[in-house]
Structures are given as structure tokens and as C-alpha cells.
Amino acid sequence: MDVIVDPNDVHVKPFVEFYGDEEVQALRQWMREYTWDSNSSLRTNLENAFGVPLPREDCLAARPDDASEECPICYCTELELAPGKVEVLSAICMKCKKGYHPSCIREYLDTGIADCPNCYEPFVYATNPS
Ligand SMILES: [Zn+2]
Ligand SMILES: [Zn+2]
């Protein structure tokens with residue numbers, strides 16, 4: 001996917017090009033229908049347009065080659081919340097045993113969705129002290 005931002009006005013909707021055939025039709029459609037919010041960042045707009053969070057800036061260790069060990073919400077293994085304060089995948093889904101960052105899962109549940117993003121069962125989790 002290419003995002004081409006107008007250097008003269010970074011707040012207008014950028015030109016977004018998707019590569020692929022049928023599988024990207026929905027993305028193209030969403031982008032066409034999405035009303036760009038010029039008061040929000042490019043990042044926020046893209047997240048709203050596609051309905052998925054982008055990898056977070058505070059990601060310390062991303063291991064895209066090993067998806068089993070990353071948080072399914074932020075796609076990172078470790079998050080640095082503050083200098084020296086690192087969060088690991090310590091919130092564990094009781095059903096599928098998938099690990100999440102406690103801050104990611106709190107943010108996720110705050111959106112009103114009550115299902116585990118991994119197994120789609122009602123989310124009940126245990127937190128291991130880290
Ligand atoms: Zn996370
Ligand atoms: Zn689960």
C-alpha cells in the first residue's frame with residue numbers, strides 16, 4: 001500500500017494506492033467512502049478508515065516473522081509505556097491462552113467490544129504480574 005501525502009497540505013486526504021486484485025477491493029471502497037478528518041493525524045485517519053490499529057510507535061520489539069509471540073492488537077512483543085516501564089504480554093485470554101499487553105486490551109475493551117480478538121470468545125483474562 002502506498003500513501004501519497006500532498007506536501008503542500010498534509011491535512012487533506014492523501015492518495016492511497018493498494019496493490020492487488022479482489023482482495024483489496026474492500027480497502028479501496030473504504031478509502032473512497034471515508035471522510036477524511038483534517039483535524040486528526042494521518043495515522044488516526046488511516047486507523048479509522050480501515051478500522052484497525054496501526055503498530056504503535058512505542059513498540060520496542062516487533063517480530064513480524066513470529067506472529068505467535070506478538071500482541072494481536074499492536075503487533076509488538078514489548079511496549080515501552082514510559083522510560084524503563086516495559087509492558088509484556090501479561091494479559092492472557094482464559095480461552096485461547098493468547099497473550100496481550102494489559103494496556104492494549106484495556107483500550108480494546110474500552111471500545112465496547114467484549115470478545116477476544118484472537119478466539120472471538122467473550123474475553124476473560126488473567127494478568128500475570130510482570
Ligand atoms: Zn499490544
Ligand atoms: Zn481468546
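Which residues does C96 touch, not counting residues up to four places away in sequence? C96 touches C116, N118 and C119, where two residues are in contact if their C-beta atoms, placed from the backbone, lie within 7 Å. The structure is a predicted model, in which local features need pLDDT of at least 70 and side-chain atom pairs count only at pLDDT 80 or more, while totals for chains, interfaces and linings use all residues. Residues are numbered from 1 along each chain as its sequence is written, and chains are lettered from A and ligands numbered from 1 in the order in which they are written.

The mean pLDDT of the chain (the predictor's confidence in each residue, from 0 to 100) is 82, and 87% of the residues reach 70 or more. Confidence is lowest in strand 3 (residues 59–61), with a mean of 65, and highest in strand 7, at 92. Where pLDDT is low, the predicted coordinates should not be read in detail.

The chain contains three helices and eight strands. Helices (H or I, at least four residues) and strands (E, at least two) are DSSP runs, numbered from the N terminus. Along the sequence these elements follow the pattern β-β-α-α-β-β-β-β-β-α-β. Of the 130 residues in the chain, 16% are buried. A residue is buried if 20 or more other C-beta atoms lie within 10 Å of its own, exposed if 12 or fewer, and partly exposed in between, with C-beta atoms placed from the backbone. Among the contacts in the chain with a separation of 6 or more, 28% link residues 24 or more positions apart.

Two strands pair if DSSP finds at least two bridges between them; strand 6 and strand 8 are joined in the antiparallel sense over three bridges. Within this part of the chain, A91 stands opposite T127 in strand 8. A further antiparallel pair consists of strand 4 (residues 78–82) and strand 5, joined by three bridges. The bridge partner of E80 is V86 in strand 5. The hairpin of strand 4 and strand 5 has two residues between the strands, and G84 in this hairpin takes a positive phi near 85°.

S90 is placed in the loop between strand 5 (85–87) and strand 6, and is partly exposed because it has 16 C-beta neighbours inside 10 Å. The C-alpha atoms of S90 and Y125 are separated by 9.5 Å, although the two residues are 35 residues apart along the chain. C96 lies in the loop between strand 6 and strand 7. C96 counts as partly exposed because 15 other C-beta atoms lie within 10 Å. The C-alpha atoms of C96 and Y120, 24 residues apart along the chain, are 9.3 Å from each other.

Helix 3 has the buried residues C104, I105 and Y108. These residues cover an arc of only 90° around the axis, which puts them on the same side of helix 3; the arc is that of the directions from the helix axis to the C-beta atoms. The face turned away from the buried side carries the exposed residues R106 and D110. Cover for the buried residues of helix 3 includes strand 6 (91–93), strand 7 (99–100) and strand 8 (125–127). Helix 3 is followed by G112, which has a positive phi near 100°.

C104 is found in helix 3 (residues 102–110) and is buried because 22 other C-beta atoms lie within 10 Å. Apart from neighbours within four places in sequence, C104 is in contact with C71, I73 and C74. The C-alpha atoms of C104 and L79, 25 residues apart along the chain, are separated by 9.6 Å.

The largest nonpolar core has 10 residues: C71, C74, C76, L79, L89, A91, Y100, C104, I105 and Y108. Helix 3 supplies the largest share of this core, three residues. A nonpolar core is a set of buried Ala, Val, Leu, Ile, Met, Phe, Trp, Tyr and Cys residues joined through C-beta atoms within 7 Å. Not counting residues up to four places away in sequence, L89 touches C71, T77, G99, Y100 and H101. In soluble globular proteins, nonpolar side chains tend to be buried together.
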